[in-house]
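The entries below follow the order in which I looked things up.

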Amino acid sequence: MTVLEQTKVPRSAGRRRRSPLGSRWTPYLFLAPAALFIVVFQAIPLAQEIFLSFTRTTLLNPTRSRWVGLDNFVRIFGDEDFHRTLVTTIVYVVVCVVGAVGSGLVVALLLNKGFRGRGVARALITVPWAAPGIAVALIATWMLNAQYGIVNRFLNAVGLGVPGGSILDSPKYALPAVLATTIWQLFPFTSVVLLSALQSVPHDLTEAATMDGAGRWATFRVVTWQVIKPVVGLLALLMTIWSLRRFELIWLMTKGGPVGRTETLVIDLYSNAFESKELGSAAAIGMVGVVISLIVIMGSRFVARAVTKENLR
Amino acid sequence: MKKRRVRRSMMAATTTIIGVASILLAGCTADSGGDDGGVAKISFAASTFGDPGRGPLLNQWLEEFNKSQSKVQVSAAAVPYPTFGQTVLTQMGSGQGPDLIRFDMPEFEAASDAGLIAPLDDLVDVSKYTLLKQPDQFVVHDGVRHGVIFEASNYAMFYNADLIPKPPTTYEQFVETAKSLTKGDVFGLAFRQTEAEEAGVWQDIFNYVYGFGGKWSDGKTLTINSPDNLKGLQAYKDLYDAKVIPKGADAATFRRMFAEGKVGMELNNGGYVTATRGQNAKLNFNVAPIPFPVRTQGAILAPVVINEASEEKEAAATFIRWTLEPANQVKLQEILGASSVATVTQRSAESLKKTPFLPVFDGLTESSLPQIVLGFEAKTPDIRKVVVQNVVAALQGQVDLKTALDRAQQQATELVG
């Protein structure tokens, strides 16, 4: 009996090992589709972009490239308009992150309080986030329309009309208008995420702080903020990456105008690639964007590690 | 045993990779039509297929072609005007795209220069037809025919006849009329003035530049900042500053305003007669030559071309030959309204009764020019971008007009080498 059992066990184990699902290649099998996806849709295009950025290639003849070395980079960094584009990109990203996370936090704190109709308010607040970006851009454009827009009419009625009539055509007001629209679209997301983070703050900690005589601000700073800080960090990183990549809203509202005042890196890239048909310059601009994104990601990791170390101490 | 397991696993992994790759590649492959049971299926891209008024009529006209043919079937591809060139040129650059394309001149020149358009000389014998010489000369490069005029539409002054019983005949009268009509939500004039409508602004400022004796080049050198150009563009800016136009309104908006009687005048091409009627059949409007000092104005020349990458060039040429037949030219002209077509055609008595100002457009053909930079045809889209950006900067008060034109001259010169 004992002998039989001893012989049976290795047989069944042997059968399991023979199954492809049990082999050491199984992980590779499961990883293959994802790896293929990354290679086909990310690694190859990125390699192609790096190659293009060192060539003179036009969209009309993309197969005929001429190697120009660093010429594209020298040209774009020597162009004053590109300097303005970089500044606009930084302003756009910083204001979007601060505006979306800040307003989201305020709204989340309000929604975290008990009041009548809180459920309805929580549902309504998600509407701008749920709306497609194109719809948001078109609604904003109509609201800001010089002739029929409700915002313009209101501003004119109270004597604060924009000189020239059109907010989106004003070099002074176009970027603030685009930023306001972007933040309006983003803040529901940040508020919902932060609301869930706020709900995870232990009540006993806030009650203990209150009992120890801490005021609202001190309780928030010492207890609540410490709990939600990692979520805020993650949101800031997400908002930064999304803002660096945002295209449709800016393009539909202003196409980067007037006179380049709302032109971010992505808009400049698109304009170079598909309007000027200069794929080489566009790829060089794209590489600048990639480098900025890498700096942001590495910076955020550095900050996250520093915060973790500080907390451990 | 172990080797077999490894082999089996490798086979499974390879099959998965090949399967996924096949699906991905199948998704990436475009369907470009082609032969289907002996019938060549071709596509014809034009922004005008989406025009209110003209679009449905053009689609009916294509159906007439399809009914007349047993071996070729053409389908319409309506691409919106603002992104037409960009969309179609991108497709053509990658060896794809529609078989037939109705281009505007700047994009036509860019495509022609890049070798994306099939020469027509061996496909269509134009000597059989009486072509209009003035517009036709611009679609032949160094003796090689790259297209046939589909539509030639001269610019003129559209005016609301209820608001303006007698049209202005001088620039001073033009300004005075615009100012006197502007009141409340009615504007005396409308034109494009935002960077978002780059191609449209270019078309509009072309009339001011050439109407004041200027030109974008002398054929060899760019003359963007010449005194005459400055004079013409100053007139354009003065009207902008005089608040006689609905600022910020795009063409779609102010054309609707014109159709609703809220805009008194606009400079537009003959193609918009049908569209304007489509928006308001009761609008009492008329047309007169643009009252600028020099009688030279822009014209929308829109050639139809065959994509060099098309696998159905002969079928596409069949369509062009059908288009050039006299009866079909007359029908096309009726659809296009006040535009001309490739050949010399007679306006019908019915058309003249319905649209008495048709001779005004026809009379402008000899003095109309395509909106390209002569001598730098293929670079026109790039020069256009530079000029429009700088002119808009001047409109917005970022810089004075002379400095803007000097900057445009410098940037465009660097661009064309």
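**Entry 1: a loop residue in chain A**

Is R64(A) buried or exposed? I counted 11 C-beta neighbours inside 10 Å, so R64(A) counts as exposed. I found R64(A) in the loop between β1 (55-56) and β2 (66-67) of chain A.

For the complex, the predictor gives an ipTM of 0.70 and a pTM of 0.77. Chain A averages a pLDDT of 87, and 92% of its residues score at least 70. I marked residues 1-7 of chain A, where the pLDDT is below 50. That stretch has zero contacts in the model beyond near neighbours in sequence.

Chain B averages a pLDDT of 89, with 91% of the residues at 70 or above. Where pLDDT is low, the predicted coordinates should not be read in detail. I leave both stretches alone.

**Entry 2: annotated spans of chain A**

I looked up the UniProt record, an unreviewed entry. Its "transmembrane region" annotation covers residues 25-44, 90-111, 123-144, 173-198, 219-244 and 279-304 of chain A. I checked two of these spans against the model. Residues 173-198 of chain A are 96% helix and 0% strand, and the end C-alpha atoms lie 35 Å apart. Residues 219-244 of chain A are 100% helix and 0% strand, with 34 Å between the end C-alpha atoms.

What joins G257(A) and P258(A)? I found a cis peptide bond, with omega at about -10°. P258(A) sits in the loop between α12 (248-253) and α13 (265-275) of chain A. V259(A) lies in this loop between α12 and α13 too. V259(A) is not a glycine, yet I read a positive phi of about 40°. Most residues other than glycine have a negative phi, and most peptide bonds are trans. V259(A) has 23 other C-beta atoms within 10 Å, so I list V259(A) as buried.

I also looked at W251(A), which is in helix α12 of chain A. It has 19 C-beta neighbours inside 10 Å, so W251(A) counts as partly exposed. W251(A) and L269(A) are 18 residues apart in sequence and 12 Å apart in space, C-alpha to C-alpha.

**Entry 3: a positive phi in chain B**

Phi of D142(B) is near 50°, a positive value in a residue other than glycine. I placed D142(B) in the loop between β5 (140-141) and β6 (144-145) of chain B. Is D142(B) buried or exposed? It has 4 C-beta neighbours inside 10 Å, so D142(B) counts as exposed.

K166(B) is in the loop between β7 (148-160) and α6 (171-181) of chain B. With 10 C-beta neighbours inside 10 Å, K166(B) counts as exposed. From K166(B) to E366(B) I get 200 residues in sequence and 25 Å in space, C-alpha to C-alpha.

**Entry 4: the domains of chain B**

The domain assignment of chain B gives domain 1 (34-152 + 300-354) and domain 2 (156-298 + 373-416). Their C-alpha centres lie 27 Å apart. The contact takes 15 residues from domain 1 and 14 residues from domain 2. On the domain 1 side, helix α4 (residues 105-113) of chain B gives the largest share, five residues. By class, that side has six nonpolar, three polar and six charged residues.

**Entry 5: the largest nonpolar core**

Which residues touch the most other members of the largest nonpolar core? I listed I42(B), V148(B), L189(B), A190(B), I205(B), L233(B) and V391(B), out of 172 residues in this core. Helix α9 (residues 174-199) of chain A supplies the largest share of this core, 11 residues. The core also draws at least three residues from each of domain 1 and domain 2 of chain B.

Leaving aside neighbours within four places in sequence, L233(B) is in contact with I205(B), Y208(B), V209(B), V391(B), L401(B) and L405(B).

Technical notes: Residues are numbered from 1 along each chain as its sequence is written. Chains are lettered from A and ligands numbered from 1 in the order in which they are written. This is a predicted model: local features need pLDDT of at least 70, side-chain atom pairs count only at pLDDT 80 or more; totals for chains, interfaces and linings use all residues. A nonpolar core is a set of buried Ala, Val, Leu, Ile, Met, Phe, Trp, Tyr and Cys residues joined through C-beta atoms within 7 Å. A residue is buried if 20 or more other C-beta atoms lie within 10 Å of its own, exposed if 12 or fewer, and partly exposed in between; C-beta atoms are placed from the backbone. Helices (H or I, at least four residues) and strands (E, at least two) are DSSP runs, numbered from the N terminus. Domain bounds come from an automatic or database domain assignment. Two residues are in contact if their C-beta atoms, placed from the backbone, lie within 7 Å. UniProt positions are given in the numbering used here, feature names are shortened, and annotations may be inferred rather than shown by experiment. Ala, Val, Leu, Ile, Met, Phe, Trp, Tyr, Cys and Pro count as nonpolar, Asp, Glu, Lys and Arg as charged, and the others, Gly among them, as polar. pLDDT is the predictor's confidence in each residue, from 0 to 100.
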